[in-house]
Amino acid sequence: MRNFAEQAARLVVVLVSLSFGWTTAARGADMQTNAADTVALAMLKNIQENGFNPDPRINGGLGGLWINWRMGTKPLLVNFNGSGSPDKIDPPRHDELTDLRYLHNLLSWKHQHPQDTQFDGELQRFNAIVKREYANTHNERGWIYDELMDMARLSGDSFFRETARTLAEFYATREFHPDIGAIYKTNAAKPRGYYRVDNALETGCALVQAGVEFKQPDWSARGERLVNFVYDHAYLRDSHIFLNQMDEVRLPDGTANPNEKIYREPFRNYVADGGVVRFGSVGQIALSLLHAYILTTNSIYLDRANDLLLPLTAEKNLLGLWDAKDGGYFNGLEFGGPDFKNPGKPKLLDSKKESGRQFHMLQAFHVADKLTGGKYQAMEEAMLQVLVAKAYYPQGQGIFYEVSPDWSPLKLQKKKSEAEDWVTSEAMGCAMLALFSLNEKEPW
C-alpha cells in the first residue's frame with residue numbers, strides 16, 4: 001500500500017506539472033483526468049483498507065466510516081480529537097454524511113471505470129449502510145437532495161430517486177412556512193425562529209429542482225419563494241456573500257422580520273457565530289444554484305451563481321479570500337455586526353484553511369465553467385492544481401480537515417511539537433466529489 005501511495009504521489013507531481021504547461025485543450029483535459037483519477041484512486045484505496053469501523057453498535061451491526069485516522073500507526077489510531085489523541089467516546093463517533101459521500105464516490109468510480117471490480121465489495125457494503133441511514137430521511141441539509149439524485153443517475157437504483165422525492169416532499173409540506181416563505185427552527189429560548197443560511201438556500205434550490213423532476217409545480221413555487229427569502233434576509237450584496245446563520249425570523253407580531261439578527265449562541269466550549277462564513281457552505285450554495293439552473297433553465301439561478309462566484313476568483317478576489325501566495329482559500333470571513341442591515345466590516349480569517357470542504361468550490365467552478373462557455377477555466381485549473389499538489393498528503397494518502405496557510409499540517413495547540421497529521425473521511429469525501437465531477441460529460 002505504501003509503495004502505491006509513493007508511486008501515486010510521484011505521478012501526481014508529474015501530471016500536474018505537465019498539465020498546466022501544455023497549451024492544447026485536448027491534452028490538458030487528458031492530463032486533468034489522469035491527475036484527478038490518480039489522487040481519487042489513492043484515497044479510495046486508503047478508505048477501503050483503513051476507513052471502515054466494524055463496531056457492531058453502529059448501524060445495527062453494519063458499521064460505518066471512522067471520522068479520521070493517522071496512517072502508519074500500528075494498530076491504526078483513529079478518531080482523533082482536537083487535543084491530538086484518539087478520543088474515548090463509546091461507542092465511537094460516527095458521521096453519516098461521510099458514508100453518503102463515500103458511496104457517492106464509489107458509484108462515480110464505477111460509473112467512470114465500469115470494468116474495474118476492485119471496489120465492488122465496498123459498493124455492496126456501503127450501499128446497505130447508506131440505505132439504512134437514509135431511508136425516509138428528513139435531513140435538513142438541502143444538498144442531500146442533490147447527492148441522492150446524482151447517486152440515482154450513477155446507479156440506476158430507484159431507492160435514491162424515491163428517497164430524494166420524499167425528502168423534497170417533507171421540505172415542501174412540513175418545513176416550509178407558507179405565510180412568510182421561510183424555513184426555520186424554534187426552541188424555548190428562540191421562539192421567533194433561527195436557521196442556517198446554507199441549509200435554507202439549498203433546500204429552496206432542491207424544491208425548485210424537485211418540482212420539475214417530479215411534476216410538482218407547487219414545490220417549485222415554494223422553493224423559489226424560499227430562495228428569494230434567503231436572498232432578501234441573508235445575502236450581503238456589497239460583499240457578494242451570504243451570512244452563515246440568522247436569528248429572529250419573525251417580529252413579535254408574527255410577520256417576517258426585515259432585519260434579522262445575526263445568530264450568536266454559546267455552544268459547549270465556544271460561541272456559535274452566524275457572522276462567520278466558511279468555504280464549504282459557499283461552494284455548496286453555488287452548486288445548488290447551478291443545479292437549479294440546469295433543471296429549470298431559469299437564468300436567475302445562473303446569474304446568482306455568477307454573482308457569488310465571480311468576486312471569489314483569483315483575478316477579482318474582492319474579499320481577499322484567495323491566497324495569491326500559496327493558493328486556495330483562507331478559512332473565511334467574520335462579520336461582527338448585530339444584524340443583516342448592519343453586518344459590520346468583514347474580517348479576513350487567514351490563520352488556517354479548510355483543506356477538504358473548500359473543494360466544493362472546484363466542483364462549482366467546473367459546473368459553472370461548462371454552463372458559461374469557459375468563464376471559469378482558470379479557476380478550475382488553479383483549484384485542481386491546489387488539490388492534487390498541495391492539499392493531497394501523499395504520506396497519509398488523503399487530506400486533512402484543516403491546514404496552515406502554506407498547506408502544512410497545523411501544530412497542536414497544547415502540543416506544539418506535534419501536528420494534526422491525520423486524514424479525515426469528510427475532507428477526502430468532499431475532495432473526491434470534485435475530482436469525479438471533472439470527468440463527467442455533463443455538468444453536475
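Q: What makes helix α7 roughly antiparallel to helix α8?
A: In this predicted model, the axes of helix α7 (residues 197–213) and helix α8 (residues 217–234) come within 7 Å and cross at roughly 155°. Angles over 145 degrees count as roughly antiparallel, so α7 is roughly antiparallel to α8. The crossing of α7 past α8 is left-handed.

Q: Which residues make the contact of α7 with α8?
A: From α7 come V197, A200, L201, T203, G204, C205, L207, V208, A210, G211 and V212. From α8 come P217, W219, S220, G223, E224, L226, V227, V230, Y231 and A234. By class, the residues of this contact divide into 15 nonpolar, five polar and one charged.

Q: Why is the pair R93 and D87 called a salt bridge?
A: The closest N and O atoms of R93 and D87 are 2.5 Å apart. The cut-off for a side-chain nitrogen of Lys or Arg and a carboxyl oxygen of Asp or Glu is 4 Å, so the pair counts as a salt bridge.

Q: How do you know whether R93 and D87 are buried or partly exposed?
A: Buried means under 20% relative accessible area and exposed over 50%, with partly exposed in between. R93 has 29%, so R93 is partly exposed. D87 has 16%, so D87 is buried.

Q: What makes R165 and E169 a salt bridge, and where do they lie?
A: Their side chains meet at 3.5 Å, N to O, which is within the 4 Å limit and therefore qualifies. Both residues lie in helix α6 (residues 158–175), four residues apart, about one turn of the helix.

Q: Why are R165 and E169 put in the class that they are?
A: The relative accessibility of R165 is 24%, and that of E169 is 33%.

Q: How many salt bridges does the structure hold, and which residues are linked in a network?
A: There are 25 salt bridges in the structure. D55, R57 and D90 are linked in a network of them.

Q: Why is H291 called buried, and what does H291 touch?
A: H291, found in helix α9 (residues 279–296), has a relative accessibility of 4%. That is under 20%, so H291 counts as buried. Not counting residues up to four places away in sequence, H291 touches D146, Q209 and W444.

Q: What makes G84 buried or exposed, and where is its place?
A: G84 is in the loop between β4 (77–78) and α3 (96–112). Its relative accessible area is 6%, which is under 20%, so G84 is buried. G84 touches L412 and W422, leaving aside residues up to four places away in sequence. The C-alpha atoms of G84 and N136 are separated by 37 Å, and the two residues are 52 residues apart along the chain.

Terms used. Residues are numbered from 1 along each chain as its sequence is written. This is a predicted model: local features need pLDDT of at least 70, side-chain atom pairs count only at pLDDT 80 or more; totals for chains, interfaces and linings use all residues. Side-chain values use heavy atoms; hydrogens and water are left out. Buried means under 20% relative accessible area, exposed over 50%, partly exposed in between (1.4 Å probe, protein chains only). Helices (H or I, at least four residues) and strands (E, at least two) are DSSP runs, numbered from the N terminus. Contact means heavy atoms within 4.5 Å. Axes are lines fitted to C-alpha atoms, for helices over the stretch in contact, and angles run from 0 to 180 degrees between N-to-C directions. Angles under 35 degrees count as roughly parallel, over 145 as roughly antiparallel, 65 to 115 as roughly perpendicular and the rest as oblique. A crossing is left-handed if the near helix is turned anticlockwise from the far one by less than a right angle, and right-handed if clockwise. Ala, Val, Leu, Ile, Met, Phe, Trp, Tyr, Cys and Pro count as nonpolar, Asp, Glu, Lys and Arg as charged, and the others, Gly among them, as polar.
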